[in-house]
Amino acid sequence: MNIDYSKELPIVQGRLSLGELEDLIAKPMSEKPTPKYYIALAITLTLLMIGATSLGFTFYYGTGVWGNNQPVGWAFDIVNFVFCVGIGHAGTLISAILFLLRQKWRTAIARFAEAMTIFAVMCAGIFPAVHTGRPWLDGWLLPYPNQHGLWVNFTSPLLWDVFAVSTYFTVSAVFWYIGLIPDFAVMRDRTTGKVKKFLYSLFSLGWRHSHRNWQHYEKSYVILAGFATPLVLSVHTIVSFDFAVSIIPGWHTTIFPPYFVAGAIFSGFAMVVTVLVFVRKVFDLENIITIDHLEKMNKVILATGMMVGYAYAMEFFIAWYSGVQFETFVFINRAFGPYAWAYWIMVSCNVIFPQFFWFKKLRRSIPVMMVIVIFVNVGMWFERFVITVTSLHRDFLPSSWGYYVPTIFDFGILIGSFGLFFTLVLLFVKAMPVVAISEIKAVADGAQPTHHGGDH
Amino acid sequence: MERNTKLHGLVALFDTPDQIIHAAEKVSHSGYKDFDIHTPYPVHGMDDAMKLKPSKLGYVTLVFGLSGAAFALLLMWWTMVVDYPMNIGGKPFFSLPAFIPVTFELTVLFATLATVIGMITFFFRFPDNKHPLHDTPYMQQVSRDKYGVFIGASDPKFNAKEVRALFESLGGKQISEIMEFEKTWQDAFNPKFIGILVTTVILVSGGTYFTLNKLLYITPFNWMEHQFRGVPQEKSDFFADSRMMREPVAGSVARGHMPYEFKDSVAQPADPLENPLVNSAEVFRLGQKKYLTFCSPCHGNYGDGDSRLNQQFPNPPSLHTAKLREWKDGNIYHVITNGQNVMPSYSHQMTVKERWAVVSYIRALQKAKNASETEIEQFRKENTSNGN
């Protein structure tokens, strides 16, 4: 296994022709689902039902069924929210930032990662919506003229969140749909089923692959990518403001925005790798989503993992260097207090395990990366847990210190969000092309004219 | 849908991107305006080959992005400064740094949505599933892996034979004619159309009404608002008198409602209360106001007992009699609080403080009516020396 990294690796392996590429990607949509698919769907739907039941209890009895208490008023609700939004960020990074950086290998995984963004943001939305206590009144989060004569507080980070997350969801969905239009047209022209044909025609809007359209289309893609890039940075920055703008020691730090963004990309890539490893195997896409792509993602995981590690260290340094007694206490308490177990899970999963990716052999080994990325997922969930709970449970007043223990409903909703996420993923892979067909065709060998220097 | 015999245009297919670039160059060079290239993915260099002008889509983005920013700032300024200013931590009402996040998000939202919607509707004229090129073998192949060129019959230079020859010279394959679809006019009074229209109107308006007026006020579970506790004015099954509200414990005194200790004595008390107020302009002003409101109708504006009620009512006495001047403040207070014979009690109209202020005012009136020459002199001096 000797790879020459100085040359750009072929994006599509196995010398597939354009038609073969299309057949390969479109296959899952034309075949009837196998029993295995139904088993997988049954599992995810079960998880979803667990979540729905827990949410039902939460609606009926109120948020009192959760473990939240005084002083830990924010716990799983915000932890899961930040975790899910973070996962979503990988999708935008791959589809927008890597697009602007002209990383062609992104083509194979962009569609899938974007879908994950959308599903993850959907899951994320559940938590703040529910933790308002009376979710049926969530419409009040929006500024609309009402007979209370009231407006929302535009100077509150929680309101910024409402705008950031809803904009992020809308823009991601639009970006995704724009990418799907030509593919819907491809599916329209392939399919034989009447209903399918009707649906694909409807969603393709009548796309004709005309170059007079492609010209604007490519322009719009650049524009959208250009907006999605600062948008994704702003979203996790604003999420971090939920903490950083408060005055709780351990939250009130300026390092939060970059630290959160790096963490989001880290956990997001880990999740993309986790799911892609299965998808490429199950749908025979090994030649399109190649081991080279996975390796590149593992490199990103290694890099962002070290950024996160740096942030951990820097937090400790500043706690000591600032000389603020409360700040110092919070960090010593994190590492050695009642929640030390959570802290050390976080550090070992996020900082130590990704170091194995320094070795090319391990980076390119599916079982090894599977283990590591799952550790990273766990570690990043714990990072949010550590930030939220350890800062709250012992703040300025020792008389109001406490300990937080999640209840079965907290776990139920967390499981349910995974259920929702994977259910949507499963439905997606059966209904839409997992790889952007027209984009992958454009980067296949020999797809661009020779005398125009197709590789630029 | 049926196709008629009217020619929409001619098409030809090519196998490689190089060929199609060449074909595009030739076709645009020959002077055709109504032509198009269809490729399964955007082919690099095609813009130049087709001599297309750069896309103007960016202007849409710019205009709407700026409107988004302006809208966000105006909205926040109007709500937070004009309509409902709120003091938040002593910060300025218009706190720009705190408005940046929402401004940014709305800029992005407006810009991207406008770009996409503008492109689809205005630039592409989509949705358009009834274009003659749809459902042709040509479309199926360019959708997959072929590269196609199309020249429309509406082009002034169009001549089927010449076009066919041009395609052949370029090496085009499967040269074929595309016919127009039979036009089917939709009748505006078509019951189906009207039905859809009416349903849409009902659904949208009903949905909006329901959301804004009902949905946002539904309380599926209201344990928080309605807890197991007594509410004033409610019926109680627990207490014998069926009332939720309880009497205060006997002897309890509400704040500011100290009972008058000579409430029940008709005769003047031997040892009346002291006036707790210290003379001041404010006290006199209050006393004057209350006196003119409550006492002057009977006792006269200056307490001479000369009001219009004289001779029509048991004559209200003058407040300047020797007896009254000798009374202690507490005696006058006693009369105001308890009333005396035909004069009613004013304890319900006036607070304790107001009653004492009236007493002080009566004292001032008495002083004014009975001042000695020397006192008047002194008063004059004091006032002139003050510069009045």
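This is a predicted model: local features need pLDDT of at least 70, side-chain atom pairs count only at pLDDT 80 or more; totals for chains, interfaces and linings use all residues.

**Stop 1: a salt bridge in chain B**

Select Asp15(B) and Lys173(B). Their side chains form a salt bridge, with the closest N and O atoms 2.3 Å apart. This pair links distant parts of the chain, 158 residues apart. Asp15(B) sits in the loop between strand S1 (3–14) and helix H1 (17–29) of chain B. Lys173(B) belongs to strand S4, residues 173–181 of chain B. Is Asp15(B) buried, partly exposed or exposed? Its relative accessible area is 34%, so Asp15(B) is partly exposed. Lys173(B) is also partly exposed, because its relative accessible area is 45%.

**Stop 2**

Colour chain A by pLDDT. The mean for chain A is 90, and 97% of its residues reach 70 or more. Now select residues 452–456 of chain A, where the pLDDT is below 50. Beyond near neighbours in sequence, that stretch has eleven contacts in the model.

**Stop 2: a bridge between chains**

Show both chains. Select Asp135(B) and Lys197(A). They form a salt bridge, and the closest N and O atoms are 2.9 Å apart. Where does each partner lie? Asp135(B) is in the loop between H4 and helix H5 (137–144) of chain B, while Lys197(A) is in helix H6 (residues 194–204) of chain A, so the pair joins two chains. Asp135(B) has 48% relative accessibility and therefore counts as partly exposed. Lys197(A), at 23%, counts as partly exposed too.

**Stop 3: a buried pair in chain A**

Go to Asp189(A) and Arg188(A). Their side chains meet in a salt bridge, 3.1 Å from N to O. Buried means under 20% relative accessible area. Asp189(A) has 10%, so this residue is buried. Arg188(A) has 3%, so this residue is buried as well.

**Stop 4: a network**

Select Glu22(A), Asp23(A), Arg190(A), Lys441(A) and Arg144(B) together. These residues are linked in a network of salt bridges.

**Stop 5: Glu439(A)**

Stay with chain A and select Glu439(A). This residue is in helix H15, residues 437–443 of chain A. At 18% relative accessibility, Glu439(A) counts as buried. Which residues does Glu439(A) touch, not counting those up to four places away in sequence? They are Arg106(A), Thr107(A) and Tyr221(A).

**Stop 6: Leu427(A)**

Next, pick Leu427(A), found in helix H14 (residues 408–431) of chain A. Leu427(A) is partly exposed, because its relative accessible area is 43%. Leave aside its neighbours within four places in sequence, and Leu427(A) is in contact with Tyr37(A) and Leu41(A). Now draw a distance line from Leu427(A) to Ala52(A). The two are 375 residues apart in sequence and 18 Å apart in space, C-alpha to C-alpha.

**Stop 7: a nonpolar patch on chain B**

Select Leu74(B), Trp77(B), Trp78(B), Val82(B), Phe94(B), Leu96(B) and Ile100(B). They form a nonpolar patch on the surface, with about 650 Å² of accessible area together. Helix H3 (57–83) and helix H4 (96–123) of chain B are the elements that give two or more residues to the patch. Which element gives the most? H3(B) does, with four residues. Zoom in on Leu74(B), which has its place in helix H3 of chain B. Its relative accessibility is 53%, so Leu74(B) counts as exposed.

**Stop 8: Asp48(B)**

Move to Asp48(B) in helix H2, residues 46–50 of chain B. Asp48(B) is exposed, because its relative accessible area is 61%. Draw a line to Ile21(B). The C-alpha atoms of Asp48(B) and Ile21(B) are separated by 9.3 Å, and the residues are 27 apart along the chain.

**Last stop: the two domains of chain B**

Zoom out. Colour residues 3–187 of chain B as domain 1 and residues 281–387 as domain 2. How many Å separate their centres? Taken over C-alpha atoms, the centres of domain 1 and domain 2 of chain B are 92 Å apart.

Conventions
Residues are numbered from 1 along each chain as its sequence is written. Chains are lettered from A and ligands numbered from 1 in the order in which they are written. Side-chain values use heavy atoms; hydrogens and water are left out. pLDDT is the predictor's confidence in each residue, from 0 to 100. Contact means heavy atoms within 4.5 Å. Patches are made of residues with over 30% relative accessible area and no salt bridge: like charges are joined within 9 Å, nonpolar side chains (Val, Leu, Ile, Met, Phe, Trp, Tyr) within 5 Å. Accessible areas come from the Shrake-Rupley method with a 1.4 Å probe; for residues, only the protein chains shown count as cover. A salt bridge is a side-chain nitrogen of Lys or Arg within 4 Å of a carboxyl oxygen of Asp or Glu. Buried means under 20% relative accessible area, exposed over 50%, partly exposed in between (1.4 Å probe, protein chains only). Domain bounds come from an automatic or database domain assignment.
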